[in-house]
Amino acid sequence: MIRLSVNINKLATLRNARGGNNPDIVKAAVDAQRFGADGITVHPRPDERHIRYEDVRNIRRIITTEFNIEGNPREQKFIDLVLETKPHQVTLVPDAEGQLTSDHGWDTQKHQDYLVKTVAVFKSAGIRVSLFVDPEVSMIENAASTGTDRVELYTEGYASAFAAGDQHAALAPYITAAEMARSRGLGLNAGHDLDLQNLGHFAKHIPWLDEVSIGHALICDAIYLGLENTIQLYKRKLSSSLH
């Protein structure tokens with residue numbers, strides 16, 4: 001089964017736009033879990049423009065499903081938060097300061113030594129590590145040498161090509177990258193711009209996916225369809241891809 005981890009950053013963006021605690025982010029995480037999410041993802045950034053560090057602490061204390069924290073490990077504040085809260089998984093993302101959204105994966109060759117040391121910090125604390133990478137064979141090969149448990153394929157390229165109508169071109173590099181990850185014994189996650197239109201096709205052709213992390217599109221759909229219904233629709237896309 002491919003697990004659905006719901007990224008709740010955008011709900012925190014809505015809360016922060018008005019101040020106060022509406023929507024209640026901890027309640028949103030608990031409700032997403034109750035509605036069938038297999039995991040909750042958060043991506044705290046230094047300016048705390050959406051998920052705040054205290055949100056992470058509060059969510060960790062109350063949810064029982066898998067908890068995934070994404071972020072840039074070059075920020076000591078992020079490392080400290082992860083080691084304090086001990087999520088099930090940490091996804092390391094090479095964001096620049098002030099970056100609007102993640103838009104590239106690690107250069108796992110250039111940053112090999114750094115990643116080896118950083119991955120070891122989290123693994124020594126019993127936390128599963130995933131590296132955010134572009135769908136390139138060389139990046140996967142070098143990721144395997146860092147000691148990471150998984151890679152997360154950055155899927156914006158797939159989503160763009162799919163929307164342009166070229167489904168074969170959209171999938172080709174991801175299938176190759178996924179096969180390399182599988183051959184090197186790496187678990188496989190995916191995320192970014194996956195939605196109800198393109199998710200089923202992606203999951204059907206890469207059935208050994210462990211997990212997809214979806215936030216923006218899912219929360220946008222939930223405005224019209226309701227959060228519980230939307231989570232179930234996404235899960236249905238994942239389950240139907242396996243038949």
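These are questions and answers on how terms are applied to this predicted model.

Author: This is a predicted model in which local features need pLDDT of at least 70 and side-chain atom pairs count only at pLDDT 80 or more, while totals for chains, interfaces and linings use all residues. Residues are numbered from 1 along each chain as its sequence is written, and side-chain values use heavy atoms, with hydrogens and water left out.

Reader: What makes residues 76-85 helix α4?

Author: Helices are DSSP runs of H or I with at least four residues, strands are DSSP runs of E with at least two, and both are numbered from the N terminus. Residues 76-85 form helix α4, and T85 is in that helix.

Reader: Why is T85 called buried?

Author: Buried means under 20% relative accessible area, exposed means over 50%, and partly exposed lies in between (1.4 Å probe, protein chains only). T85 has 10% relative accessibility, so it counts as buried.

Reader: What does T85 touch, leaving out residues up to four places away in sequence?

Author: Contact means heavy atoms within 4.5 Å. On that basis T85 touches V56, R57, R60 and I69.

Reader: Which backbone oxygen lies 2.8 Å from a polar atom of the T85 side chain?

Author: That oxygen belongs to L81. A polar contact is a pair of N or O atoms within 3.5 Å; within protein, one must be able to donate a hydrogen and the other to accept it, and residues adjacent in sequence count only if both atoms are side-chain atoms.

Reader: Why is H50 called buried?

Author: H50 has a relative accessible area of 7%, and therefore it is buried. H50 is in the loop between β2 and α3. Its side chain makes a polar contact with the side chain of N9 at 3.4 Å. Apart from residues up to four places away in sequence, H50 touches N9, A12, T13, R15, N16, H43, R45 and D55.

Reader: Why is E48 called partly exposed?

Author: E48 is at 27% relative accessibility, so it counts as partly exposed. E48 is also in the loop between β2 and α3.

Reader: What is the phi of E48, and what is that of K86?

Author: E48 has a positive phi of about 50° although it is not a glycine. K86, likewise not a glycine, has a positive phi of about 50°. K86 lies in the loop between α4 and β4, and its relative accessible area of 41% is why it is partly exposed. Most residues other than glycine have a negative phi, and most peptide bonds are trans.

Reader: Which peptide bond is cis?

Author: The bond from N22 to P23 is cis, with omega near 5°. P23 is in the loop between α1 (9-18) and α2.

Reader: How do you know that β4 and β5 pair?

Author: Two strands pair if DSSP finds at least two bridges between them. Strand β4 (residues 89-92) and strand β5 (residues 128-133) have four bridges, in the parallel sense. V90 stands opposite V129 in β5, and L92 stands opposite L131 in β5. β5 and β6 also pair in the parallel sense over four bridges, with V133 opposite L153 in β6.

Reader: In what order do the strands of the closed barrel run?

Author: The barrel has eight strands, running β1-β2-β3-β4-β5-β6-β7-β8 with parallel pairing. The twist averages 25° from one strand to the next.

Reader: What makes β5 mostly covered?

Author: Five of the six residues of β5 are buried. V133 is found in this strand, and V133 is buried because its relative accessible area is 0%. I40 lies in strand β2 and, at 0% relative accessibility, therefore also counts as buried.

Reader: How are α2 and α3 packed?

Author: Helix α2 (residues 25-34) and α3 pack at an angle of about 40°, with axes 9 Å apart. Axes are lines fitted to C-alpha atoms, for helices over the stretch in contact, and angles run from 0 to 180 degrees between N-to-C directions. I25, V26, A29 and V30 in α2 meet D55, N58, I59 and I62 in α3.

Reader: How is the crossing of α2 and α3 classed, left-handed or right-handed?

Author: A crossing is left-handed if the near helix is turned anticlockwise from the far one by less than a right angle, and right-handed if clockwise. The crossing of α2 and α3 is right-handed.
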